[in-house]
Amino acid sequence: MGNPLSLNAPAGEPLLEYHRDFDFPVSDVFRAHTDPDLYARWVGPRDLDTRIDAFEARTGGTYRFVQSRGDDEFAFRGMFHTVRQDEFVLQTFEFEGYPDVVTLEYSAFTALPGGRSSVQGRSLYPSVESRDQFLTNGIEDGMSAGYDQLDELLASARTGG
């Protein structure tokens, strides 16, 4: 466990690319991305609580979740454009605190030898400036912390904890 997140923000391009390996089967990692109860348990930084308002991880489905820290709330929403079991998710993503900044994101799930898997993806922003605003506000730390929590969640499930 403890595989690092690789995040690339090419200069002058409005996108982020990411890659993360997991020591768990692709079916488990995919399910954790598409099952609302599991998703709420690992997404984002540790100091945020997540409430799922809607989460239909299917082609044409929508989602909305709210993360909170004390009295502060951060709401996110989007639409699942394509969902292929254990393979691929294409969705929009919008932080309601940045109106009119909607990203188009994909995540590709790949089985690796030894019951391992990887997730790689790309987020396309409306502008370099909007991408940089997410970077400045800690998206890399939030993604890394979330994926570390996903490792812990899957390890706990494996051991029956």
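**View 1. Alanine 145 is a buried residue of helix H4.** Alanine 145 has a relative accessible area of 19% and therefore counts as buried (buried means under 20% relative accessible area, exposed over 50%, and partly exposed in between, with a 1.4 Å probe and protein chains only). The residue is found in helix H4, where helices (H or I, at least four residues) and strands (E, at least two) are DSSP runs numbered from the N terminus. Along the chain, alanine 145 and arginine 46 are 99 residues apart, yet their C-alpha atoms are separated by 6.8 Å. The model shown in these views is predicted, so local features need a pLDDT of at least 70 and side-chain atom pairs count only at pLDDT 80 or more, while totals for chains, interfaces and linings use all residues. Residues are numbered from 1 along each chain as its sequence is written, and side-chain values use heavy atoms, with hydrogens and water left out.

**View 2. Phenylalanine 22 and tyrosine 147 form an aromatic pair.** The model has 18 aromatic pairs, counted when the ring centres of Phe, Tyr or Trp (its six-membered ring) lie within 6.5 Å, with planes under 30 degrees apart called stacked, over 60 edge-to-face and the rest tilted. In the pair shown here, the centres of the rings of phenylalanine 22 and tyrosine 147 are 5.3 Å apart and the planes stand at 80°, so the pair is edge-to-face. The two residues come from distant parts of the chain, since phenylalanine 22 belongs to strand S2 (residues 15–22) and tyrosine 147 to helix H4 (residues 139–159), 125 residues apart. Phenylalanine 22 has 0% relative accessibility and so counts as buried, and tyrosine 147, at 5%, is buried as well.

**View 3. Tyrosine 98 and phenylalanine 134 form an edge-to-face pair.** The rings of tyrosine 98 and phenylalanine 134 lie 5.2 Å from centre to centre, with 85° between their planes. Because tyrosine 98 lies in the loop between strand S6 (88–95) and strand S7 (102–112), and phenylalanine 134 in helix H3 (residues 128–136), the pair ties together parts that are 36 residues apart in sequence. Tyrosine 98 is buried at 15% relative accessibility, and phenylalanine 134 is buried with a relative accessible area of 7%.

**View 4. Arginine 20 lies over the face of phenylalanine 22.** Arginine 20 is placed 4.7 Å from the ring centre of phenylalanine 22; a charge sits over a ring if NZ of Lys or CZ of Arg is within 6 Å of the ring centre and within 35 degrees of the ring normal.

**View 5. The largest pocket is lined by 39 residues.** About 930 Å³ of space lies in this pocket. Of the lining residues, Val43, Phe76, Phe93, Ile139 and Met143 lie nearest the centre of the pocket. A pocket is an open set of points on a 1 Å grid over the protein atoms alone, where a 1.4 Å probe fits and protein lies on both sides within 12 Å along at least five of seven lines, and lining residues have an atom within 4 Å of a point. The points are joined across faces, edges and corners, and the volume is the space filled by probe spheres set on them. Helix H4 gives the largest share of the lining, six residues. By class, the lining has 25 nonpolar, 11 polar and three charged residues (Ala, Val, Leu, Ile, Met, Phe, Trp, Tyr, Cys and Pro count as nonpolar, Asp, Glu, Lys and Arg as charged, and the others, Gly among them, as polar).

View 6. Serine 123 is found in strand S8 (residues 116–124) and, at 7% relative accessibility, counts as buried.

**View 7. Aspartate 86 and aspartate 100 have positive phi values.** Aspartate 86, in the loop between S5 and S6, has a phi near 60°, a positive value in a residue other than glycine. At 23% relative accessibility, aspartate 86 counts as partly exposed. Aspartate 100, in the loop between S6 and S7, has a phi near 70°, and its 70% relative accessibility makes aspartate 100 count as exposed.

**View 8. Glycine 78 is shown with threonine 92 and threonine 103.** Glycine 78 lies in strand S5 and is buried, with a relative accessible area of 14%. From C-alpha to C-alpha, glycine 78 and threonine 92 are 4.9 Å apart in space, although 14 residues apart in sequence. Threonine 103 belongs to strand S7 and is buried, with a relative accessible area of 1%.
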